[in-house]
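Have a look around first, then read on.

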Amino acid sequence: MASNGQPKILVFSTEKISDPALDLAGLLKKHYPFTIYTISVPCSSCIKPRWIMRAFDKGFSGVFIAADGTDCSYGESCGEKTSQVVTTTHQLMRDKGLKPSQLKMAAICSVCAEPVVKHLTGFMKELEKMQS
Amino acid sequence: MEATNNDSMNRSNAGTTDYDVLVIGAGIAGEESALKLADMGFKVLLIEKEPSIGGKMILLSKVFPTLDCAACITTPKVSETARHPNITILTLAEAESIVKEENNLFSVTFKKHPRYVVENDCTGCQECETVCPMVVKDQFQFNLVARKAIYIPFNIANPRVALIDIENCTLCGACEQKCPSNCIDFTQKEELVNIKVKSVIVATGFKLFDPISIERYGYGRYKNVITSMQMERELAPTRPFNSVLRPSDGKVPDKIAYIFCTGSRDHTVGNPICSQVCCMYSTKQAQLLMGALPMADISLYYINIRAFGKGFNEFYMQAKDMGANYVKGKIGSISEKENGNLILRYEDIVTGKVTEKEHDLVVLSVGLLANHEITKVFKNEKLELDALKYIKQPDLLQSPATTSIKGVFVAGTATSPMDIPDTIMSAGAAASETSGYLNQWS
Amino acid sequence: MTKKKIGVYVCHCGGNISDYVDIEKVKEAVKDEANVYLLKNTLFACSDSSQKEMVADIQTNELDAIVVASCSPKLHVPTFRGVAQRAGMNPYNYVQVNIREQGSWAHSDNPKGATEKAILLVKAGIARAAESEALTSSKIPAANVVAVIGAGVGGMRSAIALADMGTEVYLIEKEKNVGGHVANFGSLFTTDKMGYELSANLLSEVKKRENIKLFTNAEIVEKKGSIGNFDIQVKVDNDVLPLHVGAFVVNTGFDSYQPQQGEYGFGEQTNVITLPEFKKLIDNSSERLIFNGKAIKKVAYIYCVGSRQNDEGDNKYCSRYCCTAAIHASVQVNKKFKDVTNLHFNRGIRTYGKQELLYEESSKNGDIYLQFSLDSIPEITQKGGKTFVKVKDILSAGKEVETEADLVVLVTGMVPRENSKLASQLKIPVGRDNFFNEIHMKLRPVETVIDGVLIAGTCQSPKNILETMNSSMAAAAKINSVLTKGEMTLDPTLAKINPSQCTWCGKCAEACPFDAIIQTEFDGRIVAKINEANCKGCGMCTPVCPTDAIDLAGFTNAQIEGMIDALAE
Ligand SMILES: Cc1cc2nc3c(=O)[nH]c(=O)nc-3n(C[C@H](O)[C@H](O)[C@H](O)COP(=O)(O)OP(=O)(O)OC[C@H]3O[C@@H](n4cnc5c(N)ncnc54)[C@H](O)[C@@H]3O)c2cc1C
Ligand SMILES: Cc1cc2nc3c(=O)[nH]c(=O)nc-3n(C[C@H](O)[C@H](O)[C@H](O)COP(=O)(O)OP(=O)(O)OC[C@H]3O[C@@H](n4cnc5c(N)ncnc54)[C@H](O)[C@@H]3O)c2cc1C
Ligand code: SF4
Ligand code: SF4
Ligand code: SF4
Ligand code: SF4
Ligand code: SF4
C-alpha cells in the first residue's frame, strides 16, 4: 500500500497502442491516482499469468491489462489470446482466494486518453470499496 | 521483415547532389514512398507545407472497412518516417521552383517558413498556450473549436512542437516569458534553400470540396449543416468535445442526415467524377454514430453506393443491419427552422415522390478535388494534368506512377481520388518506379 | 548476469518534471539501491551537452548499464540507445523510465504523489537494467532473388519492377502462355488500349531483362526455408529445377465466375452469355454485331452475377471491375456497331472515381439503366423464340418493365482462382471472401503474415488493371527493400526457448501467428526452436507454455519480476 493508504494498481500497457494512450492522458493533464504504475510490453497477449500473480503476492490490489484490441499490429488473434491469459489467471487467483474483479482488462487505443483514465479511476474506486 | 533503421545501408551515389529523391507532401502517400525508398538505401528529403506530417489520415477518426483507429495505425508509420536515418523531413516547407537541368538533375528551390520556436528545443509542454491571449479558429479541428496564436497543431502532431501563427500574434511576448526551455525565437526569418536532387515524387494529395458554393444546402449559413471532415473530428478519440454535438446549441443530435456526392458527380460545380471514398466514409461514420448515440436515427441520402473494395460491400451491409437508413434520393434543398433543425426536401427515387423530412444535424459528404498548384513549381519541363486536373499518368495501365516529366513520379490521391489501401499501393508503385530510375543512373 | 555498474540520470525537463517531482528526493531515495554506481540529475537529458556527458561517464566509469528517467520512451529511446552505442555500451543495456507523461504531468495535481511514484518507477528501471542483457542483432544472408508466381499482367509487372530495382527474378507461369486474362482482351477501360497489346508489351519488357528468367508450363512442387532463404523445386515441363530464392510475390490472379446451370437462363438459353464471352464477340465482329447468325439489336446486361450474393451464395463482396467493364463494353458496342440498344439491369452502378465518366458517356449514348434489388431479380423468359427480360425497376418507382432482348449478357464477377496446393505450400491465409489475405488491409496490403510471402494483383481481391499494377509494384518495392542488401538484420527482441525445459507440446507453435516456431533436436528429444527470421517478438507464445520455457528478450521473467518487486515496495 502507498503512503496515502490507497490501493496500488499495476497496469500492463503495450508499447505501440495503449501506452501512448496513457502518455496522452498525462500530456492532457488528465489526472488519475498516482498509485497506478505501468509496465509496458510489446503486445498484451505476452503477459504471463505468473507476473500477475507475483504482483498480487507482493501487495498490488489490482492488475489492469490495457489490451490492444483490434488495433494490435501483431494480428487479430491478440484479443482472444489476451482473454485466455485473463482466464488462466482468474483460475490461479481463485485458488489463492483473490477476487476475479481484481484483474481487469479493456481494449485501449493509442489516443484513448479519456477512456483509460476512466477505467483506471473506476477500478481504483472498486478496489477502495473492496478494501473497506 | 521490418526495416532495420539503426544500420541502414547507404545506397546513395548522390555525389554532387544533396538527395536522391525529393518527396513533396507528407501524407500517407508521401510517407510510404519515402519509407520504401529509404529502406532501399536512398537518401530522401520529404517536405511538407503544414507544421506536422501525416496529411489527412492523421486527423481521421477510425478507418473503413476495418474500423481501426486511424491514429493507432498511422502514428507508428509517422514516427518511423520521422526517425529513419535516410529521411530528412522539413515541415512548413514549400517548393518554389523546380528546374530540370541538362545533366538530368533537378534544381529545387524551396521556402522554409519560420516556426518562431526552436524545433529541437521545444518539449511540447504547452505552457505557452496557457498564457497566449490570442484566440483564433483551429484549422486542424476544422474550425469546430479555437486555438491560441502559439499552438501545437494537434496532440499527435509530428513533430509535436509549438509554432507561432505570426499573423495572429500580437508580439506580446507572454509565451517567451513562460516557456521553460527558452525556445521562442521571434527573429526567425523565412529561408530560401536551393538543393539538387535526382528525382521527385509528387504526393501532394487532394483538396476537400468546399460546400459553400452549393447555396441550396446552406453550409456556412445554417449552423447545423457541417462537413464530413468536421464529423471525423467529432468522432475522433482526440475529438474537441466529449460527445458528438451539433454546433448551434451544443445539443446531442438524434436525427442525423448524410448527403452523399456533395461536390462530386456534379457538373454544376465542375467535378463530374465520383470521389470514391465518401460512400464508405459516410457508412463508417454512420456505424460510429450508431455506436456512440444508440438512439439516434441516421439517414443517408445517396444516388448509388460505391462499396467496391475488399470488405466494403460487407461493411455496407453491416451498416444496414445495424439500422442505418439508406434513402435513394435526390436532394432538392435544405431549409432551417427556428430551433436550428433542418428540413430536407428530396425526391425519393423508390416512391418517385418529392418528400420532406426533418433532421437536427446534416452532414455533407464532401468530395475530393485535385490539388494541382504544384504544377506551377515546375519551371522548364511541364508537369501535365489530365482533363480533371489531377496529375496526368501518360502510361496509366503499364506504369501508373510515371508523369509527363522523366524522373518525376506521382503517388496517392495526387493522381485520382482513392482510399488509404489504394494510396499505399500507389505509393509503393511510385517507390518502385523511382528506384528503378535511380538504378539506371549509376 | 546482473549488471553491477549502473548509471542513473534523472531529468528536470526544464521544469516539466522538476516543477512537480522533487528531483532531489528521488535521488536521495535511489542512491543506495543495489548496483547504482553513478547518479546524476540533468536539466535536459536529451540535450547535446548532456548526451556527451553520458558518453564520457559510461567510458570513464566503465558503466555496464544506464537508466534515464525522463519522458516517454516513444520520444527518446533511439536517442539514448545512440548514446549507449557511441560509448561502446550495448544499446539494450539502457532503460528508459517515464516520469513525465506518466509522472509529473499525470499527477501535476499531486506533487507529493508524483514524487513517490517517480521514486518507485526509477527503482523499477534500475531493477530492469540490472537484469538487462546485451543483445545483438544477428544478420542472416538473404538472397536478393524473388520467385514471382503467375505471369499475368500483374506478375509480369512485378517481375519488371523487381528486375529494374536490381533483384533477380524467376517468373513462374503454369500455363503455356503469359498474360493471364488480359492477353485475350481487346479494348480496355479506361484508355482503350488493347489487352493483347498490353500483354505483349509486358512480355517484351520481360524478355529484355537479363535478370528475369521466365518459366512457362511451370509450377512450384516443393518449398522449404524462410525469408531470405527459401529452397524450392519447380517443375518445368517434365523437369524439376531446384531454385534458391529470398521471397515470393504471388500474382496468381482470379477466375471469372461461372454462372450455374439455369442462373438467369444460362446454359439453357443459347443467347445468354457471360461478359468475357461478350467481349470476345465484340472483338470478333466487324460492322455488325452477330450472334449465332443473328444480328443483335438489343443487349440486356444483368449485373452482379456471382457477386453481392445474399445468404444463399458465398460471394458477399462486390467484384469491383465489372460495372465499369460492362459499361465500357456497351460503349464499345455503340462505337463499333450502328443501332444497338443497351439495357443495363443493375443493382446500383459502381463506376467509382474517374470511371464515372464512362457511365456518363454511356448514358449520353442513350443506354437505358434499370435497377433491381435482390428481392426481385430479373426474369428471363422465352416466348415464341424470343427472349424477354422482366424486372421491377427501382428507378421508376418499382414499375414492372418487360422488354425483349436479342442477347443477354451476364456481368460475371471475379472469384478466387483454385490454388489450394500453392496456398498450403506457402501457408498463405485466405480471408472470409476466400481471396488470399493480407496482414493489414490499410498499412500492409501486399504482405501476408508469412514473412517473405507477398500477394499482389487479383489474388488478393478483385481489381482492375491499374490497381493490379499498383499493388504488384508495391509488392516489388516492399520485398526489394528487404532483400536488396543481400542480408537481413534481425531485431534482437525475439522469443527464446530454453530447450532443457521444453517438452514439445506444440502449444507455442499453435499460438504464434507468424509461423516462427519450428522443431529441433536437443539431447535426443524433439524440442521447440524459434526461427529467428520469422519471429516478430510479439511474445504471444510465452504465456501458453506449460513449462514456462519461453522468455522474450528484454521482457524476461527476471526483468519483469524485478520491476514488479520494486514497484510493490
Ligand atoms: C472525411 C474523410 C474521411 C475518410 N475516411 C477514410 C477511411 O475511413 N478509410 C480510408 O481508407 N480512406 C479514408 N479517406 C481517404 C483518405 O483520407 C485518403 O485516401 C488519404 O488521406 C490520401 O493520402 P494522400 O497522402 O494521398 O493525401 P493527403 O492526406 O492529402 O496528403 C497530402 C500531403 O501533402 C501536403 N502538400 C500538399 N501540397 C503541398 C506542397 N505544395 N508542398 C508541400 N506539401 C504539400 C499536404 O499538406 C498533405 O500533408 C477519407 C477522406 C475524407 C475526406
Ligand atoms: C471480362 C473482363 C473484362 C475486363 N476488362 C478490364 C478492362 O477493360 N480494364 C481493366 O483495367 N481491367 C479489366 N479487367 C480486369 C483485369 O482482367 C484484371 O485486373 C487482370 O487480369 C488482373 O491480372 P492478374 O495478373 O492479377 O491476374 P490474371 O490475369 O488472372 O493472371 C494470373 C496468372 O497467374 C497464373 N497462375 C495462377 N496460378 C498459378 C500457379 N499456381 N502457378 C503458376 N502460375 C499460376 C495464371 O495462369 C495467370 O496467367 C477485366 C476482367 C474481366 C473478367
Ligand atoms: S514553445 Fe516552450 S512553452 Fe511552448 S510547448 Fe514548446 S517548450 Fe513548451
Ligand atoms: S463515393 Fe459515393 S458519395 Fe462519393 S461521389 Fe462517389 S457515389 Fe458519391
Ligand atoms: S462492380 Fe458492379 S457489377 Fe460488379 S459486383 Fe460490383 S456492383 Fe455488381
Ligand atoms: S509451449 Fe513450451 S513446452 Fe510446449 S513446445 Fe513450446 S516451448 Fe516447448
Ligand atoms: S514472439 Fe511472437 S513471433 Fe516470435 S515465436 Fe513467439 S509468438 Fe511467434
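## Domains of chain B

A quick word before the tour: domain bounds here come from an automatic or database domain assignment. Keep in mind, too, that this is a predicted model. For chain B, the assignment gives three pieces: domain 1 (1–112 + 190–205 + 371–442), domain 2 (114–188) and domain 3 (209–368).

How do domain 1 and domain 3 of chain B meet? Their centres, taken over C-alpha atoms, are 33 Å apart, and the contact takes 17 residues from domain 1 of chain B and 22 residues from domain 3 of chain B. About 1700 Å² is buried between domain 1 and domain 3 of chain B, with carbon and sulfur atoms giving 74% of that area. On the domain 1 side, S61(B), F64(B) and P417(B) lose the most area to domain 3 of chain B, together making up 35% of what that side buries.

## Where chain C meets chain B

Now for the chains themselves. Here 85 residues of chain C touch 72 residues of chain B. Together, chain C and chain B bury about 6200 Å², and carbon and sulfur atoms give 57% of it. Looking at the chain C side, K354(C), K442(C) and L443(C) supply 13% of the area that chain C buries against chain B, more than any other three residues.

How many salt bridges cross the interface of chain C and chain B? The rule finds 7. R306(B), for instance, forms a salt bridge with E356(C), and the closest N and O atoms of that pair are 2.7 Å apart. There are also 26 residue pairs in polar contact across the interface of chain C and chain B (both at pLDDT 80 or more). On the side of chain C that touches chain B, the elements giving two or more residues are α6 (153–164), α7 (195–208), α10 (356–364) and α12 (465–483) of chain C. Of these, α12(C) gives the most, with 14 residues.

## Where chain C meets chain A

Chain C has a contact with chain A as well, taking 41 residues from chain C and 42 residues from chain A. The area buried between chain C and chain A is about 3700 Å², and 57% of it comes from carbon and sulfur atoms. In chain C, the residues that lose the most area to chain A are Q102(C), M540(C) and I564(C), together 16% of what that side buries.

Between chain C and chain A the count is 8 salt bridges. D23(A) forms a salt bridge with K74(C), with their closest N and O atoms 3.0 Å apart. Polar contacts between chain C and chain A come to 25 residue pairs (both at pLDDT 80 or more). Four elements of chain C, namely α4 (100–104), α5 (111–130), β30 (550–552) and α14, each supply at least two residues of the side that touches chain A. With 8 residues, α14(C) gives the most to that side.

## A helix and a loop in chain A

Let's zoom in on helix α2 (residues 49–57) of chain A, where P49(A), W51(A), I52(A), M53(A), A55(A) and F56(A) are buried.

F34(A) sits in the loop between α1 (18–27) and β2 of chain A. Is F34(A) buried or exposed? Its relative accessible area is 4%, so F34(A) counts as buried, the cut-off being under 20%. F34(A) and I9(A) are 25 residues apart along the chain, and their C-alpha atoms are separated by 9.4 Å.

## A buried charge in chain C

Our last stop is D433(C), found in the loop between α11 (420–426) and β25 (453–455) of chain C. D433(C) is buried yet has no salt bridge. The nearest side chain of opposite charge is K310(B), 4.5 Å away, whereas a salt bridge needs the atoms within 4 Å.

What else is around D433(C)? A polar atom of the D433(C) side chain lies 3.1 Å from the backbone nitrogen of F435(C). Leaving aside neighbours within four places in sequence, D433(C) is in contact with K310(B), Y317(C) and P416(C).

Terms used: Residues numbered from 1 in each chain as written. Chains lettered and ligands numbered in written order. Predicted model: local features only at pLDDT ≥ 70, side-chain atom pairs only at ≥ 80, totals over all residues. Heavy atoms only, no water. Buried < 20%, exposed > 50% of the residue type's maximum accessible area, 1.4 Å probe, protein only. Lys, Arg positive; Asp, Glu negative; His and termini not counted. Polar contact = N/O pair within 3.5 Å; in protein donor to acceptor, adjacent residues only side chain to side chain. Contact = heavy atoms within 4.5 Å. Buried area = accessible area lost by both parts, 1.4 Å probe.
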